[in-house]
Amino acid sequence: MSGPENSLRSRLGRARGLGSAHEGVHHWWAQRMSALALIPLSLWLVASLVCNAGADYAVVSAWLSGPFTLGALGLTILITVYHAVLGLQVVVEDYIHGQPTKLILLILLPMGGVALVVAAIVSLLVIAFAG
Amino acid sequence: MAESLSNGVKPHPRPLSPHLQVYKPQLTSITSILHRFSGIALSAGVLYLLCWLLAVAGGAETFDRLQDFNGSLIGRLLLLGWSVAFFYHLLNGIRHLAWDAGFGFELPAAYRSGYAVLIGTAVLTIAAWVIGYFQMGAF
């Protein structure tokens with residue numbers, strides 16, 4: 001790295017540290033931190049689903065109604081969808097070149113993600129309290 | 001490049017980025033592409049997980065109908081695909097996190113971890129399905 005005297009970037013720009021994307025390392029960091037959280041959470045979810053293989057409605061709804069499952073599954077789905085939206089956003093930015101399509105997809109992705117999380121949490125609450 | 005620009009000679013057009021059709025397949029590039037594909041597949045998998053939750057919330061009848069689909073050939077193939085994608089994305093994701101922390105960048109190490117991810121994916125997928133069938137009383 002060259003010193004600030006030789007850099008084309010202004011000293012203010014260097015101090016802000018936001019780079020050419022104007023948002024710094026936020027996206028990169030959020031992707032990694034959600035990935036880290038998902039290592040135990042996703043392993044728990046897949047192990048639980050495997051252990052429920054072939055289980056009937058009574059067993060599955062009883063499992064889903066437990067307070068631990070309710071909290072852990074809600075958290076897992078929330079972080080999974082966040083991680084997926086961040087990842088799909090990069091895929092869209094890299095491979096969709098038409099400006100209107102790209103913009104529409106980048107707007108719809110987080111909206112769809114929020115809708116998915118809300119639908120999942122409402123389902124979980126219905127299973128736990130109205131089942 | 002500065003020379004060719006200054007004397008007015010147009011530089012020979014060269015490919016600017018590694019386009020897949022001219023890029024020699026290597027373990028490192030294939031594992032990278034598979035990480036994206038598995039991530040996209042798992043995003044669809046989350047949608048299917050939501051369908052499953054909605055089916056449970058809908059009651060015993062809708063749950064049984066979805067479980068019947070899960071047991072069909074197409075259902076089993078989808079679940080197999082998602083389990084391969086899950087274990088691959090999990091293991092290769094850990095590989096990426098190690099790289100981000102500054103470990104395993106040397107070429108031999110990157111190849112070793114690449115093979116480890118592929119073998120680990122196969123082992124974990126087979127283990128998950130053996131346990132799943134065991135749960136269903138298949139053995």
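Author: Let us start with the word contact: two residues are in contact if their C-beta atoms, placed from the backbone, lie within 7 Å. Please also keep in mind that this is a predicted model.

Reader: Is A:Val81 buried or exposed?

Author: A residue is buried if 20 or more other C-beta atoms lie within 10 Å of its own, and A:Val81, with 23 such neighbours inside 10 Å, therefore counts as buried. The C-alpha atoms of A:Val81 and A:Leu38 are separated by 11 Å, while the two residues are 43 apart along the chain.

Reader: How should I describe two helices that are packed together, and at what angle do α2 and α4 of chain A cross?

Author: Two packed helices are described by the angle between their axes and by the distance between those axes. In chain A, the axes of helix α2 (residues 26–51) and helix α4 (residues 67–95) come within 9 Å and cross at roughly 140°, and α2(A) and α4(A) are therefore oblique to each other. The crossing in which α2(A) passes α4(A) is left-handed. Among the residues that make this contact are A:Leu38, A:Leu41 and A:Trp44 of α2(A), and A:Ile79, A:Tyr82 and A:Leu86 of α4(A). By class, the contact of α2(A) with α4(A) has 13 nonpolar residues, eight polar ones and no charged ones.

Reader: Now I would like to turn to chain B; how many helices and how many strands are there in it?

Author: Chain B has five helices and zero strands, and read along the sequence its pattern is α-α-α-α-α. Buried residues make up 20% of the 139 residues in chain B. Among contacts in chain B between residues at least 6 apart in sequence, 65% join residues at least 24 apart.

Reader: What span does α2(B) reach from its first C-alpha to its last, and which of its residues are buried?

Author: With its 31 residues, α2(B) reaches 44 Å from its first C-alpha to its last, which is close to the 45 Å expected at 1.5 Å a residue. The buried residues of α2(B) include B:Leu42, B:Val46, B:Leu49 and B:Leu53. In an α-helix there are 3.6 residues a turn, so residues three or four places apart point the same way. What covers the buried residues of α2(B) includes α3, α4 and α5 of chain A, together with α3, α4 and α5 of chain B. Just after α2(B), B:Gly59 takes a positive phi of about 110°.

Reader: How does α4(B) cross α5(B), and which residues make the contact?

Author: The axes of α4(B) and α5(B) come within 9 Å and cross at roughly 145°, and this crossing is right-handed. The contact includes B:Phe87, B:Tyr88 and B:Leu91 of α4(B), and B:Val117, B:Gly120 and B:Leu124 of α5(B). Taken by class, the contact of α4(B) with α5(B) has seven nonpolar, six polar and one charged residues. As for α4(B) itself, its buried residues include B:Phe86, B:Phe87 and B:Leu90, and what covers the buried residues of α4(B) includes α2 of chain A together with α2 and α5 of chain B.

Reader: Finally, how many residues of chain B are in contact with chain A?

Author: On the side of chain B, 24 residues are in contact with 27 residues of chain A. The largest share of that side of chain B, ten residues, comes from α2(B). The residues of the side of chain B that touches chain A divide into 16 nonpolar, five polar and three charged.

Notes. Residues are numbered from 1 along each chain as its sequence is written. Chains are lettered from A and ligands numbered from 1 in the order in which they are written. This is a predicted model: local features need pLDDT of at least 70, side-chain atom pairs count only at pLDDT 80 or more; totals for chains, interfaces and linings use all residues. Helices (H or I, at least four residues) and strands (E, at least two) are DSSP runs, numbered from the N terminus. Ala, Val, Leu, Ile, Met, Phe, Trp, Tyr, Cys and Pro count as nonpolar, Asp, Glu, Lys and Arg as charged, and the others, Gly among them, as polar. Axes are lines fitted to C-alpha atoms, for helices over the stretch in contact, and angles run from 0 to 180 degrees between N-to-C directions. Angles under 35 degrees count as roughly parallel, over 145 as roughly antiparallel, 65 to 115 as roughly perpendicular and the rest as oblique. A crossing is left-handed if the near helix is turned anticlockwise from the far one by less than a right angle, and right-handed if clockwise. The expected span of a helix is 1.5 Å times one less than its number of residues. A residue is buried if 20 or more other C-beta atoms lie within 10 Å of its own, exposed if 12 or fewer, and partly exposed in between; C-beta atoms are placed from the backbone.
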